[in-house]
Amino acid sequence: MMKTRRFLGKLTAGLVAASLLSLPAYAAPKKDFKLAWSIYVGWMPWQYAADQGIVKKWADKYGIKIEVVQFNDYVESINQYTAGAFDAVTVTNMDALSIPAAGGVDTTAVIVGDFSNGNDAVILKGKDKLADIKGQKVNLVEYSVSHYLLTRALESVKLTEKKDVSVVSTSDADMVAAWSTADVTAVVTWNPLVAEILATPGAKKVFDSSQIPGEIIDLTVANTDVLKDNPAFGKALAGIWYETMALMSADTPAGVAARTAMGKASGTDLAGFEAQLKATRMFYKPADALGFVRGAEPKATMQKVAGFLFDHGLLGNGAPSAEAVGIEFPGGVTYGNAKFVKLRFTDTYMAAAADGKL
């Protein structure tokens, strides 16, 4: 179950221009919508919902059509959304900020689905303490959540990326093979690669995302202007999501069948899928998601994320500070540039689901 959770970071001028030109200042009401998604434990429900007719059921309720499209390349799915080819996309909180938002595309998190709670890890070869990473080359997908996890791990032992380690950019597709070589002694990656590497002799997990809970967040976002002119789209997305959540989380034959199908579709089995669910804090109920998004954690997290992106030059050319892009939270609280708010965490649709008003 791979998900290339990486940043494009430095978008080409052409892509930015294309995204800005293809999206008007407002989106006219329409009936047909497209959602792009890619394989990861927290996003498998979208395809299952489409296959089981749940997407059609909720789209029909609101008199619209929703096409669910799988991308094998996660980054490309975000690019296509940013360019206006899709109305919604599954994305991490960091990628939502660094790609569409920093590129000028106003984006709203309709569903806060989960956060990584152990799926991402720092692994050392023949060493069992995080401090032993000092002086080592660390293989990871550069500018990804793995890169972010590394910086947070280093902070916990008073080390820094610039002074104490050397990052080696490595594709997720090459990570296991790289680990098998004598030269690679430290990696940061995500499941199922974590499980595969930890099964090899000498591999020791020294830090994981459960130690920074709530910071690697998986979202379903939509174009803000599209939502503004088509609120039925947001309601349908919430209805689809929480009906599927209730189904897949049930301790029933139907729930087992759902998890089995999702596991198979992602390249594993029921046991493998459920193991990854255990390392993921899924918000199965809308009330749980509301409690999280309305709390202080998301704002604190996004400040850390913005700082990471700014330090690595990923908030756009000429960004003066980590506050270059405004981020809005429920209740109208804003971090960053209030005149350039381009990423929004809304509780509107999750609250409607929690209140039975969809």
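**View 1. Surroundings of leucine 150 in the predicted model.** Leaving aside neighbours within four places in sequence, leucine 150 is in contact (heavy atoms within 4.5 Å) with Ile133, Val138, Leu140, Val165, Val167 and Val188. The structure is a predicted model, in which local features need pLDDT of at least 70 and side-chain atom pairs count only at pLDDT 80 or more, while totals for chains, interfaces and linings use all residues. Residues are numbered from 1 along each chain as its sequence is written, and side-chain values use heavy atoms, with hydrogens and water left out. Leucine 150 belongs to helix α6; helices are DSSP runs of H or I with at least four residues, numbered from the N terminus. Its relative accessible area of 0% makes leucine 150 buried, a term for values under 20% with a 1.4 Å probe and protein chains only.

**View 2. The largest pocket.** A pocket is an open set of points on a 1 Å grid over the protein atoms alone, where a 1.4 Å probe fits, with protein on both sides within 12 Å along at least five of seven lines; lining residues have an atom within 4 Å of a point. The largest pocket holds about 310 Å³ of space, the volume being that filled by probe spheres set on the points, which are joined across faces, edges and corners. Of its 14 lining residues, Thr151, Glu155, Glu161, Asp311 and His312 lie nearest the centre. Two or more lining residues come from each of α6 (145-156), α7 (161-164) and α15, and α6 gives the largest share, five residues.

View 3. Helix α15 (residues 297-311) has 15 residues and reaches 21 Å from first C-alpha to last, close to the 21 Å expected at 1.5 Å a residue, a span taken as 1.5 Å times one less than the number of residues. Its buried residues are Pro298, Thr301, Met302, Val305, Ala306, Gly307, Phe308 and Leu309. Beyond its neighbours within four places in sequence, leucine 97 has contacts that include Met302, Val305, Ala306 and Leu309. Glycine 313, which follows α15, has a positive phi near 70 degrees.

**View 4. The largest nonpolar core and helix α11.** A nonpolar core is a set of buried Ala, Val, Leu, Ile, Met, Phe, Trp, Tyr and Cys residues joined through side-chain atoms within 4.5 Å. Among the 119 residues of the largest core, Ile66, Leu97, Val112, Val122, Ile133, Phe233 and Phe345 touch the most other members. Helix α11 (residues 231-248) gives the most to this core, with nine residues. Buried residues of α11 include Phe233, Leu237, Ile240 and Trp241.

Note on methods
Buried < 20%, exposed > 50% of the residue type's maximum accessible area, 1.4 Å probe, protein only.
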